[in-house]
Amino acid sequence: MKVLGLVGSPRERNTKTLVTLALAECKKLGLETELVHLGKMDIAPCVDCERCRKEGRCAIDDDFQAVADKLEQADGVIIGSPVYFGCVSAQIKAFMDRTRYLRRNERLKDKVGGALATGGSRNGGQELVIRQIHNFFLIQGMLVVGDEKTMHFGGASYGDAAKDAEGQETSRNLGRHVAQVVLKLAK
Ligand SMILES: Cc1cc2nc3c(=O)[nH]c(=O)nc-3n(C[C@H](O)[C@H](O)[C@H](O)COP(=O)(O)O)c2cc1C
C-alpha cells in the first residue's frame, strides 16, 4: 500500500514541510510513501488537443507522465499547494488538467485523497485551495478524506509552517486519516 505526496510549490519551504509531516504519519502506520516535488518539475498546461482521447495518455512530452504513472500506482495521494491569489499554484493546476485521460478511464476511482494548503495570511484562502483540490479528487471519482477533528477539511498553515504548530497538527492528522482509510479499503 502506497501514499504519494505531491508538493505544488516551486520552493523547498512551507508546502514541503506539511506534505512531509503528513507522509510521516502514513509511514508510521506501515504504508510505503513517496514525495514528489511537482512544483520543481517541467509540466506544461493542457492544450486540449484531444489526443489523449485516442492515445490513452497525454501527448505532451515533459515530466508529467512519470508523475501520472506514480499516481495511478498509488493507493492514496496527498496534494499540497501554496495559496496563490486564493487558488492552487499554476503547477498543481497544470498537473490536474493533464490527468483528464485518467478520469475518462476511471483510473483513479476509489483512491484516497487528502489536501493541504499553506498561505502567507491566516485566512488567506487555504480552505478555498483545499476545496479546489477536493474538486479534482471528486471529479476523478476518488474518496476525499480530511483531518477529522482539527481543521476538518485538510492540512492548513500560515506564515512559516515550521513554526505553525497548529498547521503541523492538521497535516499530521490528515496524513494519518488518509493512511487509515487506505488500510480499511485494503481489508
Ligand atoms: C503569486 C503569489 C500569490 C500569493 N497569494 C496568496 C494568497 O492569496 N493568500 C495567502 O495567504 N498567501 C499568498 N501567497 C503567499 C504564499 O501562499 C505563502 O508564502 C506560502 O506559504 C508559500 O508556500 P511555499 O513556502 O511552500 O512556497 C502568495 C504567494 C505568491 C508567490
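Lys16 is found in helix H1, which spans residues 14-28; helices (H or I, at least four residues) and strands (E, at least two) are DSSP runs numbered from the N terminus. The model is predicted, so local features need pLDDT of at least 70 and side-chain atom pairs count only at pLDDT 80 or more, while totals for chains, interfaces and linings use all residues. Residues are numbered from 1 along each chain as its sequence is written, and side-chain values use heavy atoms, with hydrogens and water left out.

Lys16 counts as partly exposed because its relative accessibility is 25% (buried means under 20% relative accessible area, exposed over 50%, partly exposed in between, with a 1.4 Å probe and protein chains only). Leaving aside neighbours within four places in sequence, Lys16 is in contact (heavy atoms within 4.5 Å) with Val7, Leu35 and His37. Lys16 also forms a salt bridge with Glu12, the closest N and O atoms being 2.6 Å apart; a salt bridge is a side-chain nitrogen of Lys or Arg within 4 Å of a carboxyl oxygen of Asp or Glu. Glu12 is partly exposed, at 48% relative accessible area.

The structure holds 16 salt bridges. Another of these joins Glu25 and Lys28, at 2.9 Å from N to O. Both residues lie in helix H1, three residues apart, about one turn of the helix. Glu25 counts as buried because its relative accessibility is 7%, whereas Lys28 is exposed, at 64%. A salt bridge between Arg100 and Glu50 has its closest N and O atoms 3.8 Å apart. This pair links distant parts of the chain, with Arg100 in helix H5 and Glu50 in the loop between E2 and helix H2 (51-55), 50 residues apart. Arg100 is partly exposed at 31% relative accessible area, and Glu50 is partly exposed at 29%.

A network of salt bridges links Lys2, Glu32, Glu34 and Lys70. Not counting residues up to four places away in sequence, Glu32 touches Met1, Lys2 and Val3.

The ligand is surrounded by 15 residues, the closest being Ser9, Arg11, Thr15, Val83 and Gly124 (a residue is near a molecule if one of its heavy atoms lies within 4 Å of it). A polar side-chain atom of Arg11 lies 2.7 Å from an oxygen atom of the ligand. For Thr15, a polar side-chain atom likewise lies 2.7 Å from a ligand oxygen atom. Asn14 places a backbone N or O atom 2.9 Å from an oxygen atom of the ligand.

Finally, Asp147 lies in the loop between strand E5 (143-144) and strand E6 (155-158). Asp147 is buried yet has no salt bridge, and the nearest side chain of opposite charge, Arg176, is 8.7 Å away (Lys and Arg count as positive and Asp and Glu as negative; His and the chain ends are not counted).

Key. A polar contact is a pair of N or O atoms within 3.5 Å; within protein, one must be able to donate a hydrogen and the other to accept it, and residues adjacent in sequence count only if both atoms are side-chain atoms.
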